[in-house]
Amino acid sequence: MGLMDRMRRALHGRMARMSDDGAVGTDAPDFPPKSPQSERPRMNEQDIPQGAKRVDIISDTHGHLSDQLLDAIKGADLVIHAGDLTSEEDYEHLKALVPLKAVLGNNDYYHDYGPEVERLSQFTYEGLRFAVAHYREDLPTGAADVAVCGHTHRSKISQAGRCLVINPGSASFPRGSRTPSIARLIVRDGAVLSADIIPLDPLW
């Protein structure tokens, strides 16, 4: 095998590995077929079981909260923002609209959201251990039932052992061929009943 062939093969393998987490390369599927969470049908609002909670997950809004996004998250029992808000005004707007958990993204360090917004957030909600960080590599998946990240602007739901890992994509500026999106969980009594990616209309 010649030098150029070896270089092409090495580059192809590197790109394939990077594509697995949605960071680089062609768009990864929203719902990997081997994920047991992704095989569940989308749960409509009227189908939500009594006592279940709706958790909406957003990320990478970058100073743009569209009317459609704000309408989509209304009524959520909890909203998680996985970083890159880049706007104190947007943070306060979201806090006034819904119960909110947020973390810092790589573009948030020049913004002041208060001491409650840090690089990593870990909390328990409805009997589930949540971990939220902007970067996938910062997530302690071994200590969480649900782990949430952003940054890639590409939506993806996958499993890491027993942990459900969710990247909602960007609610404002998606990459590749995707549309803006959020993720939605229905949870109850320590179980995730459904996990979906919800597409939004492009901003322009």
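I started in the loop between β4 (120-125) and β5 (128-133), where Glu126 is found. For the labels I took helices (H or I, at least four residues) and strands (E, at least two) as DSSP runs, numbered from the N terminus. This is a predicted model, in which local features need pLDDT of at least 70, side-chain atom pairs count only at pLDDT 80 or more, and totals for chains, interfaces and linings use all residues. Residues are numbered from 1 along each chain as its sequence is written, and side-chain values use heavy atoms, with hydrogens and water left out.

**Backbone angles**

I looked up phi for Glu126 and found a positive value near 50° in a residue other than glycine. Most residues other than glycine have a negative phi. Glu126 counts as partly exposed because its relative accessibility is 27%; buried means under 20% relative accessible area, exposed over 50%, and partly exposed in between (1.4 Å probe, protein chains only).

Next I turned to Asp84, in the loop between β2 (78-81) and α3 (88-97). Asp84 is not a glycine either, yet its phi is positive, at about 65°. With a relative accessibility of 1%, Asp84 counts as buried.

**A loop arginine**

I then checked Arg178, which has its place in the loop between β8 (163-168) and β9 (181-188). Its relative accessible area is 15%, so Arg178 is buried. I noted a polar contact of 2.7 Å between the side chains of Arg178 and Ser155. Such a contact is a pair of N or O atoms within 3.5 Å; within protein, one must be able to donate a hydrogen and the other to accept it, and residues adjacent in sequence count only if both atoms are side-chain atoms.

**The sheet**

I traced an open sheet of five strands with mixed pairing, in the order β4-β5-β6-β8-β7. Two strands pair if DSSP finds at least two bridges between them. β4 and β7 (155-160) stand at the edges with a single partner strand each, so one side of each has no neighbour in the sheet. From one strand to the next, the twist averages 20°; axes are lines fitted to C-alpha atoms, and angles run from 0 to 180 degrees between N-to-C directions.

I also looked at one pair inside the order: β6 (residues 146-148) and β8 run parallel and are joined by three bridges. Val146 has Leu164 as its bridge partner in β8.
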